[in-house]
Amino acid sequence: MNILAYSAVELSTAIKEKKITVREAVEAVLDQIDQKDKTLNCYVTVDSAKAYAQAEEIQKKIDAGELAGPLAGVPVAIKDNMCTKDMLTTCSSKILGNFIPAFTAEAVERLQAAGAVIIGKTNMDEFAMGSTTETSAFGVTRNPWNTEHVPGGSSGGSAAAVAAEECFFALGSDTGGSIRQPASYCGVVGLKPTYGTVSRYGLIAYGSSLDQIGPLTKTVTDCATVLETIAAHDSKDSTSVEREDTDFTKALVEDVSGMKIGIPRDYFGEGLDSDVKTAVLAAAETLKQKGAIVEEFDLPLVDYAIPCYYTIAAAEASSNLERFDGIKYGYRTESYEGLHNMYKKSRSEGFGPEVKRRIMLGAFVLSSGYFDAYYLKALRTKALIKKAFDEAFTKYDLILGPVAPTTAPVLGSSLSDPLKMYLGDIYTIAVNLAGLPGISVPCGTDKAGMPIGLQLIGDCFQEKKLIQAAYTYEKTCGGFSIAAERER
Amino acid sequence: MAQKIYETVIGLEVHVELATKTKIFCGCSTEFGGAPNSHTCPVCTGMPGSLPVLNKQVLEYAVAVGLATNCNITQYCKFDRKNYFYPDNPQNYQISQLYLPICRNGHVEIETAAGKKNVGIHEIHMEEDAGKLIHDEWEDCSLVDYNRSGVPLIEIVSEPDMRSADEVIAYLEKLRLLIQYLGASDCKLQEGSMRADVNLSIREMGAPEFGTRTEMKNLNSFKAIAHAIDGERARQIELLEEGKAVIQETRRWDDNKEYSYAMRSKEDAQDYRYFPDPDLTPIVVSDEWLSEIKAKQPEFRTEKIARYQKEFDIPEYDIDIITSSKHMADLFEATVALGREPKKVSNWLMVETMRLLKENMMDPEDIKYSPEHLAALIKLVDDKAINGSVAKEVFEVVFKEDVDPVQYVEEHGLKTVNDEGALRKTIEEIVAANPQSVEDYHNGKEKAIGFLVGQTMKAMHGKADPGMVNQILKELL
C-alpha cells in the first residue's frame, strides 16, 4: 500500500506492526515534499536531517516498547508560529526571518513526547493575519486541489500539506477561523478547541484572547487522537483550563440519534455560494437521516461579529507585536540614526502591509479618546455574542453551518479588497469570540471541483459532541480525502 | 504690598520592590547583582511565545500592604498593559494595573512637629520592573541587562495631602516601617528598593484650587527629598512672583548640584494605550484568602511600642530606637525570649550595636548576628565567665561574623580565670615586684591599687574577674 495514503493512526499501527519503519514514513513524506512543494510551497522550513535523527530515536523507543501511543512515528508539520527549539520559527514574516527559538511550544512538546516526527514548519499568513496564506513573506501556498487557488489561511501551509500528503497531520492555530477555513478549502478535517484547552505557551501570539492551537488531519479519528494528545492543562499559560474530559477518542462513536442540531438561518443568507449551501444542507440532511433532530433557529448578532473581532484582535495584535523591534532578535534595519529611527525602519521594513494595517487599526482603537467607543464597545459586543450562543446551547447540542461563504478563491483575488476578505470570516469568527469549539469536516465539492467544508459548533468543552457528529457524518459518507478524490 | 503666603501641596508616587524570591511573572531569581542577564528566561526577556504567570506571593504582599494602609481591597482585579517602546522593556509594554488596581482609598496617620494627620492613599497597584540600560561610551553602544526585568513592584499613590518636606518624610518613614514590618520589602531608598516621585504644586494660602504641579524623579535619600522639595517650592514661587506660569512637566533631581531640570513636558506625554492584558486572567481575591492575610498581619510599630512599655522595663528612648526597625525589634524579642534580661539586651543593641552600625555605615536591617549568639554572650557575662571588656571584644566578632561566643571564648582562651590559687599566685608576684606601689598604697594613695589591678589584668591577659582581683589584692596588702 502507498504509505502516504495512510491516516496518522493507521500509519502508527503499521509501524508498530513492523509493516514499515519510521524512517520509511519520513522518507515517503520527504519525497513527496521534493516532488510537490516547489509548486505548492506548503513549508517555510523542512529539516530532513533532524527528521531522520528523530525517526531513528523514535523507532528505537517503539521497538523497546517505550512508545506505544497512536501517534508514535508519525511525521507531522507545524505551523510556523509555534516555537521549535533550534528550528527556524518565522511566522512567515521578514521580521522573524532569522529567528531560532530557545524553547519549544508546549503543544509541540506534547506531540514529540507522543513520538511524532517533526518534518518542518508550514507557511502561513504573516503573523496569522489573513485568510489566504498570501500575506506570507515567503511566497504564497497553492491549493493542492487546484494550484490556481489559495489554500485558505492563515494555517494554509498546514492544511495544504495534509491535503497534498506532505505530512500525515499538522498543527494550526485559529484566531478567527484560521484552522477551519483552510481545512474547508483543502478538504481536510480541522478543529479549533475550546479556548484554554491547548496551551498557548510557545504560540507566537496574534490575538491572545482568541488564539487556539488545533489539529489539521485527514480523518476525524486522527483529529480526535491529535487533540487528545495536545490538550492538557499547562501551568505556564494562565489562560489554560483544567479539564478531565480530554479522552476525545472515546467520542469516536457512529451515532447521532437524538442529538439536537440547530441551523442558524442567519448563516444561510446573502453572500453564501449556492454550491456551498447545497452541500452543507445535504450534510445536515445526512445527520437527520442518522437520527439527529435538526431544526432552524435565529442566531442574532452575527453581523456584529466581524467588526467586534477585528477591533479586539487588532488591539491585542498591536500590543503583542510591539516586541518585534530589532533589538533582541529578528530583523534589524541596515542603517539607522538613533533608537527611534531604528525602531521605525526595522518595523517598516520587517512587517508586511496586512500586519501594518492591523497594527495601525489596533493602536487606533486603543488610543485615548477612542478606547471606549471602539475597544470597550467591542468587548461588550463580545459578551453579547457569547450570551446569544449560551441561549442557543440551551436548546441544541450542536450548531451546524458552512465554514466559509465560498470555496477557495483564485490566487490574487482577495488582498486587493481586504474588507471583502474580512467578510469571508463571518461564519468562523463568532466561535472564537465566544471561546467555543468548532470543527470543519469535508462535505463535498463545488461545480469546479473545489472542496466544501461543513462546520459544527459546540458549547464550551463539548468537543466530544463535535467529534461524535463529525465521525458519524464521515462514516456515513465513506470518508472524503484528496486521495479518495484522486481515485474516483 | 503685603507678602503673599504660599502653601505647598505634595502628593507622592512611591515604588516599592517586593521581597519575593522570584519575579512577578516567571520563576527567575530576584537576587540583586549576578552577571548581566543571568537571572533571565524567555518570559522576562519577552521572547516570542512566552507567557506571564502571576506569582501569588506578589499579590499577597500587595494585599497585606493595602490592609496595613487601610485600603479597600479590589477582590476582582486585573492587569493591564502599558504600551511604550524602550529597550529596557523587552515586550515594549509593561504589565501594570490601571483600571482595577488591587488597593484603593486608604490612608496612614503621620506625626510631625505640627501634630498628627492622615495622608490619603489613592491606590496601590502591582507592576513589573524594567531592565537596565548600560551605555558603553567606549564602544559607542548600549547594552541591556534584564536581570531586573520582571522584579515585582507595587506603586503606592498618595492623595495630594502633604504640605511640607517634614510631612513627606514622616509619610515615607511610616510606609517604610509598615512594609518592613510586613516583610514585604526592605525599603531601602539608596539601593532603589523604595523610590519616591514627588508631585508638587503651590498655591496661595486659602486658595480653593490646586496650582499646576510638577513631578520630580531620581530622589535617592530623605535628604535629597527634603532638598528637592525646598528647591522646587522656591522655584515655583519665584515663577509666580515674576508673573510666569508653572509648566506641568517631569523634572529630574540632581543631588550633586542640588538642582532639578526639566525632563519632559505634558505635551510630550505618551499615549500608553492601556488595555487589559489578555494573557493574565482576572484575579479573584476570595473572602477566605483575604481573612487569612488579615489574620497574618503582624503587630505594627504603634502596637509594639505600647506592648514594650507594658512588658519591658526599658527607657522610652530605647523602645523608640528598637522598634524603628522590625529586624531589631525581632532580635530584641527573640533574645529576651531566650531568657536574657530586657535591659541588658537593649543595652547591647543601643550601645555596641548602634556604634558598630554607624562605624560600618550599615542599617539596622543589615544586622547579621543571631539572637542565640547575643543571648549566649550576655549569659557569659551574667555567669561571670568573661568580664565586660572581653565581652565587648567578643561582641565585635559576633557582630561581624555571627560566631558562637561560647565556642569563640573557649578557642581563644578568653575565659575569666576563676582559679583562685592561680590568681593569688600571680598577684603575689605582682605585689612582690612592685614594692613602691605597695608602699604608696599603705601611705594612703588609693590610686596605687588601681595600678596593681591593671598589672594583674595584664599578666592574666585580661581574663581575670576584676572583683576577685580587688578582693585578693586587698587581702594581701
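Visitor: Why is Tyr441(B) called buried?

Guide: In this predicted model, Tyr441(B) has 21 other C-beta atoms within 10 Å. The cut-off for buried is 20 or more, so Tyr441(B) counts as buried.

Visitor: Where in chain B is Tyr441(B) found?

Guide: Tyr441(B) belongs to helix H13 of chain B, residues 435-442.

Visitor: What makes a residue a contact of Tyr441(B), and which residues are they, leaving aside neighbours within four places in sequence?

Guide: Contact requires C-beta atoms within 7 Å. With those neighbours left aside, the contacts of Tyr441(B) are Ala448(B), Ile449(B) and Leu477(B). As for Leu452(B), its C-alpha is 9.8 Å from that of Tyr441(B), at a separation of 11 residues in sequence.

Visitor: How do you know that domain 1 and domain 2 of chain B touch?

Guide: By the contact criterion of C-beta atoms within 7 Å, 6 residues of domain 1 of chain B are in contact with 4 residues of domain 2 of chain B. On the domain 1 side, helix H2 of chain B (residues 165-182) provides the largest share, 4 residues. That side holds 4 nonpolar, 1 polar and 1 charged residues. The C-alpha centres of the two domains are 35 Å apart.

Visitor: What makes up the contact between chain A and chain B?

Guide: Chain A contributes 31 residues and chain B contributes 25 residues. On the chain A side, helix H9 (302-320) and helix H11 (353-366) are the elements giving two or more residues. H9(A) gives the most, with 3 residues. By class, the chain A side has 14 nonpolar, 9 polar and 8 charged residues.

Conventions
Residues are numbered from 1 along each chain as its sequence is written. Chains are lettered from A and ligands numbered from 1 in the order in which they are written. This is a predicted model: local features need pLDDT of at least 70, side-chain atom pairs count only at pLDDT 80 or more; totals for chains, interfaces and linings use all residues. Two residues are in contact if their C-beta atoms, placed from the backbone, lie within 7 Å. Ala, Val, Leu, Ile, Met, Phe, Trp, Tyr, Cys and Pro count as nonpolar, Asp, Glu, Lys and Arg as charged, and the others, Gly among them, as polar. A residue is buried if 20 or more other C-beta atoms lie within 10 Å of its own, exposed if 12 or fewer, and partly exposed in between; C-beta atoms are placed from the backbone. Domain bounds come from an automatic or database domain assignment.
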